[in-house]
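Here's a quick tour of a few spots worth a look. Keep the viewer open while you read.

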Amino acid sequence: MSLLSDLINLNLSEVTDKIIAEYIWIGGSGMDLRSKARTLSGPVSDPAKLPKWNYDGSSTGQAPGEDSEVILYPQAIFKDPFRRGNNILVMCDAYTPAGEPIPTNKRHNAAKIFSHHDVLAEEPWYGIEQEYTLLQKDVKWPVGWPVGGFPGPQGPYYCAAGADKAFGRDIVDAHYKACLYAGINISGINGEVMPGQWEFQVGPSVGISAGDELWVARYILERITEIAGVVLSFDPKPIPGDWNGAGAHTNYSTKSMRHDGGFEVIKKAIEKLGLRHKEHIAAYGEGNERRLTGRHETADINTFCWGVANRGASVRVGRDTEKAGKGYFEDRRPASNMDPYVVTSKIAETTILWKP
């Protein structure tokens, strides 16, 4: 195994200018991350200078077998924490050979919204809190839980330390450092309320970059859990009953919200979100009705409400924002399996572009 480890960690820059680019895309389910690698003649830092590539869409549920070619368009580059050196991870979106975005390409529409001059003028910032659950591979039961049984009730696990309270910290810390290495703007991690559940935060990120960074952070986490022999779950309610679900709370602000008088802008934006509550819920992740029950720090899925420092609300405004009269708010409705391209662009579209 030591020889295998030595080979995996070979420093290619000592012998060649060639690099490895891992092209990443989202598969047909909307949550399955796919990737494959190719050799390039030298380092690349601009995605526009990367070649387009193709893949078999019939094997990812994105094209029929008789016309299976789907084209990858490179959109964002990150350093590769696995191969290191000048090697890169490339976030891509997918198109037909004729240049039309395929139906599962949610980035394309998001990029149109974020390139609108009114949205650009407002410089939308996002901070996404990605919750997830680590599962034992063979039984699909949370790590640290007795197989077929349950741990003690929630209470001691949130942000906890100790062998009987924190399960999977090595994975979480490895992911944290790998994201920083990659150039992702990861801003923190913490243990969550349900044992075996964790959270990382990406942001503040501007516009479309929030989606790119969160997707690549998810990919890196998938790779690390693969190495660790643990299954990664983004299910919004992995364990039924008296256990917290998993969300992707999305913190948001615009330039107008961050400046003096911003609290009034925030209140008007929240009012618009309330008017389109059902439309947003439909776009905020599959199975979210199992999570948004009005219990376990959620608002009921059928009700829109907001409040200051209220974690049982659909939208929460922080005490600091209320006190300063400007800042940001948190949309607590998105599920852990939401598509960040969809959620971030929908919030911008509703609060900036939509006229009730």
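## Two helices crossing

Helix H4 (residues 169-182) and helix H5 (residues 209-228) have axes that come within 10 Å and cross at roughly 135°. Axes here are lines fitted to C-alpha atoms, for helices over the stretch in contact, with angles running from 0 to 180 degrees between N-to-C directions. That makes H4 oblique to H5; under 35 degrees would be roughly parallel, over 145 roughly antiparallel, 65 to 115 roughly perpendicular, and the rest is oblique.

On the H4 side, Ile171, Ala174, His175, Ala178, Cys179 and Ala182 meet Ala217, Ile220, Leu221, Ile224, Thr225 and Ala228 of H5, where contact means heavy atoms within 4.5 Å. Sorted by class, that contact has 10 nonpolar, 2 polar and no charged residues.

## Where the model comes from

This is a predicted model: local features need pLDDT of at least 70, side-chain atom pairs count only at pLDDT 80 or more, and totals for chains, interfaces and linings use all residues. Residues are numbered from 1 along each chain as its sequence is written, and side-chain values use heavy atoms, with hydrogens and water left out.

## Tryptophan 243

Look for tryptophan 243 in the loop between strand S9 (230-233) and strand S10 (248-253). Tryptophan 243 counts as buried because its relative accessibility is 9% (buried means under 20% relative accessible area, with a 1.4 Å probe and protein chains only). Leaving out residues up to four places away in sequence, tryptophan 243 touches Trp145, Phe150, Pro151, Gly152, Gln154, Met194, Pro195, Lys237 and His296.

Terms used. Helix = DSSP H or I, 4+ residues; strand = E, 2+ residues; numbered from the N terminus. Buried < 20%, exposed > 50% of the residue type's maximum accessible area, 1.4 Å probe, protein only. Nonpolar A, V, L, I, M, F, W, Y, C, P; charged D, E, K, R; others polar.
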